[in-house]
Amino acid sequence: MIVRIIVGAIIVLVLTGAGFAYHLTASVAGERHQFEATVREWVQTRTTIAEIESIDEYRGTESYAVVIGKNKAGTPVVAWMTAEKVVFDRMDLAVPRKHVEEAVRKAYPQSAITHIVPGLEGDKKFWEVTVKDANGRYHYLHYDLFSGALLTSYVLSPA
């Protein structure tokens, strides 16, 4: 009898946990879908981007939706957008993402790149690269978008 109660309690806990995990996953996926839908609307109504290659998010002193694509003339461009403003630049003048990845892999050979996104702080435009090293520390690296020079580097240790 006690075994049935314990087994029943375990089943209830597993089903409750699975339901919670499903709800959390569905909620996050729904928020991401809404974010992308909003950004696509902004692109259509507020930019000259005709072809979207990627939609991402940069979170610094201010958070931006970051869209990389091509304008109506076929020029590669990037747009940093909030509900209030749009900042635009040409990506054909920027250091290619693959070159930044190569530099990071060379400088941090035992680490994994977890995120690369064009960032914007004031008038500075850069590639923000997040790297997780073998000790679990996260390195945030900012490379100038146009020269490729390392601007900033800082490390967060795991808690």
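Which residue in β7 stands opposite K132? In this predicted model, the residue opposite K132 is Y138 of β7. The two strands concerned, β6 (residues 124–132) and β7 (residues 138–144), pair in the antiparallel sense over 7 bridges.

The protein chain contains 2 helices and 8 strands. Read from the N terminus, the order of the elements is α-β-β-β-β-α-β-β-β-β. Of the 159 residues in the protein chain, 30% are buried.

An open sheet is formed by 4 strands in the order β5-β6-β7-β8, with antiparallel pairing. Strands β5 (112–121) and β8 (150–156) each have a single partner strand and stand at the edges, so one side of each is left without a neighbour in the sheet. From one strand to the next, the twist averages 20°. Strands β7 and β8 run antiparallel and are joined by 6 bridges. Within this pairing, L141 has S153 of β8 as its bridge partner. The two strands β7 and β8 form a hairpin, with 5 residues between them. In the turn of this hairpin, G148 has a positive phi of about 85°.

Aromatic contacts were examined next. A pair of aromatic rings is described by the distance of the centres and the angle of the planes. The structure holds 2 aromatic pairs. In one of them, the ring centres of Y58 and F126 are 5.7 Å apart and the planes stand at 80°, above the 60 degrees required, so the pair is edge-to-face. Because Y58 belongs to strand β1 (residues 49–59) and F126 to strand β6, this pair ties together parts that are 68 residues apart in sequence. Y58 and F126 are both buried.

The rings of Y140 and Y154 have centres 5.3 Å apart and planes at 15°; the angle is under 30 degrees, and the pair is therefore stacked. Y140 lies in strand β7 and Y154 in strand β8, so the contact ties together parts 14 residues apart in sequence. The strands that carry these two tyrosines, β7 and β8, are those of the hairpin described above. Y154 has a relative accessibility of 36% and therefore counts as partly exposed. A further contact with a ring involves a charged side chain: the charged end of R46 sits over the ring of W42, at 5.2 Å from its centre.

Strand β2 contains A65. The relative accessibility of A65 is 2%, under the 20% limit, so A65 counts as buried. A65 and E36 are 29 residues apart along the chain, and their C-alpha atoms are separated by 8.9 Å.

Empty space was considered last. Rolling a probe the size of a water molecule over the atoms shows where empty space is left. The largest pocket has a volume of about 170 Å³. Its lining consists of E53, I68, G69, P76, V77, M91, A94, V95, P96, R97 and W127. The elements that contribute two or more residues to this lining are β2 (63–71) and β3 (76–81). Strand β2 thus takes part in the lining of the largest pocket and also holds the buried residue A65.

Methods:
Residues numbered from 1 in each chain as written. Predicted model: local features only at pLDDT ≥ 70, side-chain atom pairs only at ≥ 80, totals over all residues. Heavy atoms only, no water. Pairing = 2+ DSSP bridges. Axes fitted to C-alpha atoms, helices over the stretch in contact; angles between N-to-C directions. Phe/Tyr/Trp six-rings, centres within 6.5 Å; stacked < 30°, edge-to-face > 60°. Buried < 20%, exposed > 50% of the residue type's maximum accessible area, 1.4 Å probe, protein only. Lys NZ or Arg CZ within 6 Å of the ring centre and 35° of its normal. 1 Å grid on protein atoms, 1.4 Å probe; cavity = no way out; pocket = protein on both sides within 12 Å on 5 of 7 lines; lining within 4 Å. Points joined across faces, edges and corners; volume = space filled by probe spheres on them.
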